[in-house]
Amino acid sequence: GNGLCRVCSVDAGGRIQSAACVTACSDGMVVETGNEAVTRGRRTNLELLASTVDLSEAPEILALLAEYSADADRFQEAERRTTPIYDDNPFFLRDYNQCINCWRCVQVCADDAQFAFALNFDGRGYHTIIGTFMGDGMMDTTCVFCGQCVGACPTGALKPKRQVLLEDGLDPDDIFQQTRGGRKPRKDKKS
């Protein structure tokens, strides 16, 4: 992780809570994962996420909201994230209105698995989103369309295009034609 979403906050004895996903362990370190301060911090972080990001398709995060008795409406006046939905390839959609910046997709695309490095952060502060190098469309990146980023996404910000089209009620045969990836038909081999 990168520590941005702060869902994994822990008390590692420092002045402020640490993100467990990026905090290095050391000898003698004592880490509190469920004390009152950690619970309150996680609850607040979840409430902040719920106020700015569409979590409707994020079962893991919704379960955490319930587990920590978080009030999704606590920060009603917060600015909602509004970004375009990127439909720039035949395989998946990118809806960063649902993204919590957990960095799972970036890591799996980079040196955790694929080594394609097609995804990275774009922007600063509140306006940080996952993006591509120079804002290029996915077809113009180093993406190999393996789908690992989609599988790693806990919120539905990356979603298979076929799933979206099925949810929209399209005929499966039409969906197959739309998502074939523009491949050229195979030529028959001459004997």
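1. A quick definition to start: a residue counts as buried under 20% relative accessible area, as exposed over 50%, and as partly exposed in between. Tyr 86, at 29%, is therefore partly exposed. Keep in mind that this is a predicted model.

2. With Tyr 96 it makes a tilted aromatic pair, 5.9 Å centre to centre and with 55° between the planes. The two sit ten residues apart, Tyr 86 in strand S3 and Tyr 96 in the loop between S4 and helix H3 (104–109). Tyr 96 has a relative accessible area of 1%, so Tyr 96 is buried. The charged end of Arg 94 also sits over the ring of Tyr 86, 4.6 Å from the ring centre.

3. Now for the other aromatics. Phe 115 and Phe 117 pair edge-to-face, at 6.5 Å centre to centre and 65° between the planes; Phe 115 is exposed, at 54%. Phe 91, Phe 92 and Phe 145 come together as one aromatic cluster.

4. Last, helix H1 (residues 36–52). Its 17 residues reach 25 Å from first C-alpha to last, close to the expected 24 Å. Asn 35 caps the N-terminal end, with a side-chain oxygen 3.2 Å from the backbone nitrogen of Ala 37. Buried residues in H1 include Val 38, Leu 46 and Leu 49, and the cover over the buried residues includes strand S1 (9–10) and helix H2 (59–67).

Notes. Residues numbered from 1 in each chain as written. Predicted model: local features only at pLDDT ≥ 70, side-chain atom pairs only at ≥ 80, totals over all residues. Heavy atoms only, no water. Helix = DSSP H or I, 4+ residues; strand = E, 2+ residues; numbered from the N terminus. Expected span 1.5 Å × (residues − 1). Buried < 20%, exposed > 50% of the residue type's maximum accessible area, 1.4 Å probe, protein only. Contact = heavy atoms within 4.5 Å. Polar contact = N/O pair within 3.5 Å; in protein donor to acceptor, adjacent residues only side chain to side chain. Phe/Tyr/Trp six-rings, centres within 6.5 Å; stacked < 30°, edge-to-face > 60°. Lys NZ or Arg CZ within 6 Å of the ring centre and 35° of its normal.
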